[in-house]
Each structure stands twice: as structure tokens, then as C-alpha cells.
Amino acid sequence: MHAQLKIKSLLNQLNTVIVGKSAQVQDCVACLLAGGHLLIEDVPGVGKTTLAHALARTFGLQFARVQFTADLMPSDLTGVSVYERGKEAFVFHPGPVFAQVLLADEINRASPKTQSALLEAMEEKQVSVEGETRALPHPFFVIATQNPHDQLGTFALPESQLDRFLMRISIGYPDRAAERLLLAGSDRRDLVDSLQPLLAQDELAQLQRQVLAVHTAEPLLNYVQDLIAATRTGRWFLQGLSPRAGIALVRAAKAQALIEGRDYVAPDDVQAVLPQTIAHRLVPVGDARRGAVEQVRAMVESVPLP
């Protein structure tokens, strides 16, 4: 009961900032509770950065924001050693990646070389700089925003980078009522600055442990394996899901179940998080004539429920 009350308070506070997008907000909370990294993709101006700021402040985590640009270097993220005359030695100055939440704003505007600097950090929770491996804080999340690939000055994220994100969501335009609130209300940035942290670090760790403890029955795991197998048939996608993607799907479904107040995963939980968790890892076959999200939803209809 305590977990559900905490999660409800998180959702309520976030929904005061990002109005009319409760489903997307819930996806974000599920992603972070599952210990995953989050990619928010949409056109400029719909609240991607605001949502990332609100998540970091609501979860009570130390965060750093980096604006990704074409001239950003890997050392701008990881840090660099500088010679200090007084100590007669090189001293390492940590970069912004040494924060509990790294807000990578417009990540696909950086070059592939800089994007690749995040691969080790996102997977291993560590960075190797100048021959030395340094651990990152715990917990460590990357919340990245990106613009659509057809916009000027963008570099598509490689498959290996996309696979590190547990979820990719799109906010979309607000409906008329929500947009009226935005037009008539105060600046969203002022609301973000006034947000209070609702979780202590030990509370977040406890919620994450509860996510891992959510039960997955054998028939449910069979259903997940059927979905994974469907992606590998060649009928729907060029390449199927990896085992790592399958593990990510189960973790996301467990977080969804906990948010819904259950201690077991139901097929509805899997279906609720499926497009956000796997679509960015898949490329539809050439004759699909629809995007990855729509292709995932069509594939789900062909897989029988347990």
C-alpha cells in the first residue's frame, strides 16, 4: 500500500506540469522505477525537456543537463584531467555524466563519436577515461530527448545506442483543453522550479526492489517468449528482438504492474508497455507501409493470449 501511495503522489505531481499526458507520464515513471534509461522523441516545443526536468526533481535526484550540439566532444561529458601546478600532478575533473540523472537534451544533434561516449555509461554504470575506470553514482539514469530524424542537423542514433534505452516515448500535441491550460496558465519552467522531491534515495531503491519482486507466472513468460519469437520470424521486422530486449520488456511490465497495484504481471501489463519498450529496437519489413509502433501493435494482434 505504501508503494502505491508513493507512486500515486509522483504521478499527481508530474501531471500538474505535463497536463493532458497522463499515459506518457506513467510510462516515464515505470521506466525509472524499472531502472532503465528513457528516450523522449518528438518535435521541438511539446515539453520534452520540461518533462525530463520534472522527473529529476520529483524523484529527488541530482541531475546535470547537457545541450548536445555537433561540436560537443566526448570529454565534455566524461570529464578531463588538468595539470595543477600546486599539486604537480594531473587532477581529474568529472564531467556532467557523474550525476544521478543526465539530461541529454537533443541527443541526436551530437556526432556519433560523442553519442558513443554514453554506451559504457548506460550499460555498465561506469566510464573509462584516460586508462582508468570510474564508477558512476547510484542510481544513474539517462533521460534523453531527440528531434525527429528528418529535421536539420540531426544524426540518427545507432542501433546499439537505441538498445540501451529501456523505453522511447512520444509526447505529442496537447488536446484543446490541455492547450488552453498551457496558454492561460503560468510558465511551465516556473512550475518545475517549484516542484518538491517526493522520494529519498532509499525510498527509490526500495521501490525498485519491489519492482524486481513482482511475480511473473510461467504462462506469462511463455507469452513474452511468443512475442519475442514473433519479431524474429521475418514477417514483421527485418531483425528480431535480442535477449536483452526481452529482459527489458519483463522489467518494464513488472513496473507497470506495481503502478497498477498488483504483485504479479498480467498480459495487459505487457501489452501496455510493449510498443514503448520494443518499437525503437525494431525496423519494419519493407512492405509494411507503417511505422514501428503501428507494426508492433499489428503483431500483438496475431499472438494469442495465454
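User: Before we start, what are the ground rules?
Analyst: This is a predicted model, so local features need pLDDT of at least 70 and side-chain atom pairs count only at pLDDT 80 or more, while totals for chains, interfaces and linings use all residues. Residues are numbered from 1 along each chain as its sequence is written, and side-chain values use heavy atoms, with hydrogens and water left out.

User: How do you know how many disulfides there are?
Analyst: A disulfide is a pair of cysteine sulfur atoms within 2.5 Å, and by that rule the count is zero. Take Cys 28: the nearest cysteine sulfur belongs to Cys 31 and sits 7.3 Å away. Seen from Cys 31, the closest cysteine sulfur is the one in Cys 28, and 7.3 Å is too far for a bond.

User: What makes Cys 28 count as buried or exposed?
Analyst: Relative accessible area decides: under 20% is buried, over 50% is exposed, and partly exposed is in between, using a 1.4 Å probe and protein chains only. Cys 28 comes out at 0%, so it's buried. Cys 31 is also at 0%, so that one is buried too.

User: And what do you call Lys 125 and Glu 130 on that scale?
Analyst: Lys 125 has 31%, so it's partly exposed. Glu 130 reaches 56%, so it's exposed. Lys 125 is in the loop between helix H6 (117-124) and strand S6 (126-129), and Glu 130 is in the loop between S6 and S7. Those helices (H or I, at least four residues) and strands (E, at least two) are DSSP runs, numbered from the N terminus.

User: Where is the cis peptide bond?
Analyst: From His 138 to Pro 139, with omega near -5°. Pro 139 lies in the loop between strand S7 (132-135) and strand S8 (141-146).

User: What makes the buried residues of H14 a one-sided set?
Analyst: In helix H14 (residues 292-302), the buried ones are Ala 292, Gln 295, Val 296, Met 299 and Val 300. They cover an arc of only 145° around the axis, so they are on the same side of H14. That arc is taken from the directions from the helix axis to the C-beta atoms. An α-helix has 3.6 residues a turn, so residues three or four places apart point the same way. The cover over these buried residues includes helix H11 (218-231) and helix H13 (267-278).

User: Why is Leu 166 called buried?
Analyst: Its relative accessibility is 3%, so Leu 166 counts as buried. Leu 166 is in strand S9 (residues 165-169). Leaving out residues up to four places away in sequence, Leu 166 touches several residues, including Cys 31, Ala 248 and Arg 281.

Notes. Contact = heavy atoms within 4.5 Å.
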